[in-house]
Amino acid sequence: MTVKVLIIEDNPVARSFLCRVVRESFSDAMEITEVGDLENARRQVAKFGSAPDNGFKLILVDLELPDGNGMEFLTELAGSTALKIVTTLYSDDDHLFPALQCGADGYLLKEDRFEVLVEELQRIVRGQPPLSPAIARRLLSHFRPSSSDSGTMPLNSGFGSLSSTHAPFSNSRNVALDPPPEWERLTPRESEVLTYLSKGFTIKEIANLMGIKWFTVNDHIKSIYKKLNVSSRAEAAVLASKQGLV
């Protein structure tokens with residue numbers, strides 16, 4: 001199965017660079033579509049609007065584009081199952097946090113070395129959000145209590161899903177003790193994925209065990225999170241244990 005990737009970047013040199021990064025990062029057969037503005041990006045996404053199984057699985061989007069801001073596009077993709085990764089030169093809070101709030105699953109700096117970007121993109125198959133080192137440090141610094149703080153850092157920092165498997169960045173929630181009605185709606189495949197997930201297997205390991213692509217595993221995980229109303233692997237594992245699946 002060919003994995004469809006969309007790269008939205010107005011600079012031809014940067015676009016070619018990101019294309020090489022993607023091809024180097026994954027062993028899957030790739031079909032990469034490159035566009036330089038939001039108009040063409042929307043046109044490409046619209047082609048597969050009625051066929052989600054055949055749509056883009058990975059989207060790299062620049063924030064500053066000739067006909068608009070990449071955050072607009074992230075908001076429009078709110079219902080998409082694609083992994084949405086920001087690729088930009090901006091590392092400041094004014095770009096980082098709004099992008100995450102708009103639905104970005106990762107944030108990479110184009111100024112990083114080729115091998116660093118490859119390594120960060122590969123975090124996807126390990127169930128981790130791709131974040132440039134400088135961005136990860138900025139996030140930690142933002143939520144680390146200052147020396148003048150007398151208490152501990154609030155747990156509901158607003159980015160509780162950073163440790164989740166590509167779940168949208170959202171407020172932390174307590175684990176639901178009672179299974180929601182949607183529990184019974186899990187498909188056999190989703191139940192199998194949840195079992196492996198609860199036992200600590202990575203997305204790539206689950207894909208190998210089930211004989212499917214890792215992008216498909218990620219789609220199952222997103223569906224599981226939505227049906228169970230959870231935002232992290234830990235929350236899903238608690239519910240799975242309560243139901244006797246693991």
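Q: In what order do the five strands of the open sheet stand?
A: This is a predicted model, in which local features need pLDDT of at least 70, side-chain atom pairs count only at pLDDT 80 or more, and totals for chains, interfaces and linings use all residues. Residues are numbered from 1 along each chain as its sequence is written, and side-chain values use heavy atoms, without hydrogens and water. Strands are DSSP runs of E with at least two residues, numbered from the N terminus, and two of them pair if DSSP finds at least two bridges between them. With parallel pairing, the order is β2-β1-β3-β6-β7.

Q: Which strands lie at the edges of the sheet?
A: An edge strand pairs on one side only. This applies to β2 (30-35) and β7 (106-109).

Q: Which residue of β2 stands opposite isoleucine 8?
A: Strand β1 (residues 3-8) pairs with β2 in the parallel sense over six bridges. Opposite isoleucine 8 stands valine 35.

Q: What angle does the direction of helix α9 make with that of β6?
A: Helix α9 (residues 214-228), a DSSP run of H or I with at least four residues, packs on the sheet. It touches β1, β3 (58-61) and β6 (83-88), contact meaning heavy atoms within 4.5 Å. Angles run from 0 to 180 degrees between N-to-C directions of lines fitted to C-alpha atoms, for helices over the stretch in contact. The angle with β6 is about 110°.

Q: How many of the 15 residues of α9 are buried?
A: Buried means under 20% relative accessible area (1.4 Å probe, protein chains only). Among the buried residues are Trp214, Phe215 and Leu228, and the buried residues pack against elements including α7 (188-198) and α10 (233-242). Helix α9 is mostly covered, and its buried residues number twelve.

Terms used
Buried < 20%, exposed > 50% of the residue type's maximum accessible area, 1.4 Å probe, protein only.
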